Amino acid sequence: KFNFCAGPAALPEPVLRQAQQELLDWGGRGCSVMEVSHRSAEFLEVAERAEQDLRDLLSIPDNYKVLFLQGGATAQFSAVPWNLFGVGDKVADYIHSGQWADKAIREAKRYGQVNIVASGEDRSFTYAPGAESWTQSDNAAYFHYTPNETIGGVEFDYVPDVTCPLVADMSSNILSRPIPVEKFGVIYAGAQKNIGPSGIAVGIVRDDLLDRAMEGIPRSLSWKVAAEAGSMDNTPPTFAWYLAGLVFRWLKGQGGVEAMSTLADRKSTLLYEFIDRSDFYSCPVEKSSRSRMNVPFVLADERLDKEFLRQSEEAGLLNLKGHRSVGGMRASLYNAVPLEAVEALVSFMADFEKRCA
Ligand code: PLP
């Protein structure tokens, strides 16, 4: 069976097998990683290896902290203004590209002034707004965008060039391509797509941004506190951290983010080209902004949606239902989804079209 879930998403099979094997007896200890202290030497080794592997995968420069955080990416929607609005004006620039950007914007507005520099609203969020028409604020504490909108299937094919610290919610496309980390002030990502199980989020924060927090910041949202405590100010989700580490190891063995990027191109191109050739399926997203991770598509006759989903499940193609807010279908093609999964999907879609169109 192939799992196209948008999140929590499929994990690489070798990772699951290793975790299964180690569940009752982790390295001869007679217990699992979940059952040892997060302060023990053996867990610290897991934590440090995970961090180093992520640093290697993304070529993270030494002047950035790597944090393993709790509360998902949603907590970071609040953490971003809390950590960056403490110095200068409480003003931030945001690109409004869809539902996740909207959630980040709403949260930031609770703490300061948000300037929407660009929005995809005029075309129902079916494209990533370009930089031509921006008006950046002179006094912005930071500039925030969402490189991949998981629900809309819209991905930016460029990194904004801005004069203040650039902050990115990379929840659904981190580790799918090389990124110039040095162009960013802060990168954050919930784990449950390309990193590991839910319950942990990764933060990559440039050192000079650790001293800009608003007074009264909750301890649990402070990047500085997390950095000083090695992301262990309180008990971290150790099992999720360990699994993330196994995923990073697996990724390195697969050839790293360069290999993932090539694979993402092949998978998404195969599906988009098939959709574009067909009169029965269509994708609402503009070609230059199509996500390589989340492919939304609709059937010409929505009365067939239910039957499509029933038959695709039966064929072992799982979780193709679109987000509840937009309907239709969505195939998520994260790193753990193999090319064969997309080949099987395209073959099923062609067959369904032949039988039902
Ligand atoms: N940002 C993006 C782009 C997402 O796709 C998601 C979840 O799917 C979130 C934020 C929210 O993440 P979490 O559920 O970990 O808070």
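In which sense do strand 8 and strand 9 pair, and over how many bridges? They pair in the parallel sense, over three bridges. Strands here are DSSP runs of E with at least two residues, helices are DSSP runs of H or I with at least four, and both are numbered from the N terminus. Two strands count as paired if DSSP finds at least two bridges between them.

A quick word before we go on. What you're looking at is a predicted model: local features need pLDDT of at least 70, side-chain atom pairs count only at pLDDT 80 or more, and totals for chains, interfaces and linings use all residues. Residue numbers start from 1 along each chain as its sequence is written.

Let's stay with strand 9, residues 186-190. On one side, Ala-168 stands opposite Ile-187 of strand 9. Strand 9 also pairs with strand 10 (residues 201-206), this time in the antiparallel sense and over five bridges. There, Ile-187 stands opposite Ile-204 in strand 10. In general, strands of a sheet pair through backbone hydrogen bonds, either parallel or antiparallel.

"Touching" means contact: two residues whose C-beta atoms, placed from the backbone, lie within 7 Å.

Is strand 9 mostly covered or uncovered? It's mostly covered, with five of its five residues buried. A residue is buried if 20 or more other C-beta atoms, placed from the backbone, lie within 10 Å of its own, exposed if 12 or fewer do, and partly exposed in between. Both faces of strand 9 are covered: Val-186, Tyr-188 and Gly-190 are buried on one side, and Ile-187 and Ala-189 on the other.

Ala-189 turns up again in the largest nonpolar core, which has 103 residues. Such a core is a set of buried Ala, Val, Leu, Ile, Met, Phe, Trp, Tyr and Cys residues joined through C-beta atoms within 7 Å. Ala-189, Val-202, Trp-241, Ala-244 and Val-247 touch the most other members. Helix 6 (residues 238-254) gives this core its largest share, nine residues. Why does the core lie between domain 1 and domain 2? It lies there because domain 1 (15-254) and domain 2 (255-356) both give residues to it. As for Ala-244, its contacts include Ala-50, Ala-191 and Ile-195, not counting residues up to four places away in sequence.

Those domain bounds come from an automatic or database domain assignment. The C-alpha centres of domain 1 and domain 2 lie 27 Å apart, and the contact takes 25 residues from domain 1 and 26 residues from domain 2. On the domain 1 side, helix 2 (41-58), strand 7 (154-155) and helix 6 each supply at least two residues. Helix 6 gives the most, with three residues.

Ala-213 lies in the loop between strand 10 and helix 5 (223-228), and it counts as buried because 21 other C-beta atoms lie within 10 Å. Leaving aside neighbours within four places in sequence, Ala-213 is in contact with Trp-82, Asn-83, Gly-86, Ser-222 and Lys-224. Gln-70 sits in the loop between strand 2 and helix 3 (72-84). With 18 other C-beta atoms within 10 Å, Gln-70 is partly exposed. Arg-39 is in the loop between helix 1 (13-22) and helix 2, and it counts as exposed because it has 10 C-beta neighbours inside 10 Å. An unreviewed UniProt entry places the annotation "binding site" on Arg-39. UniProt positions follow the numbering used here, feature names are shortened, and annotations may be inferred rather than shown by experiment.
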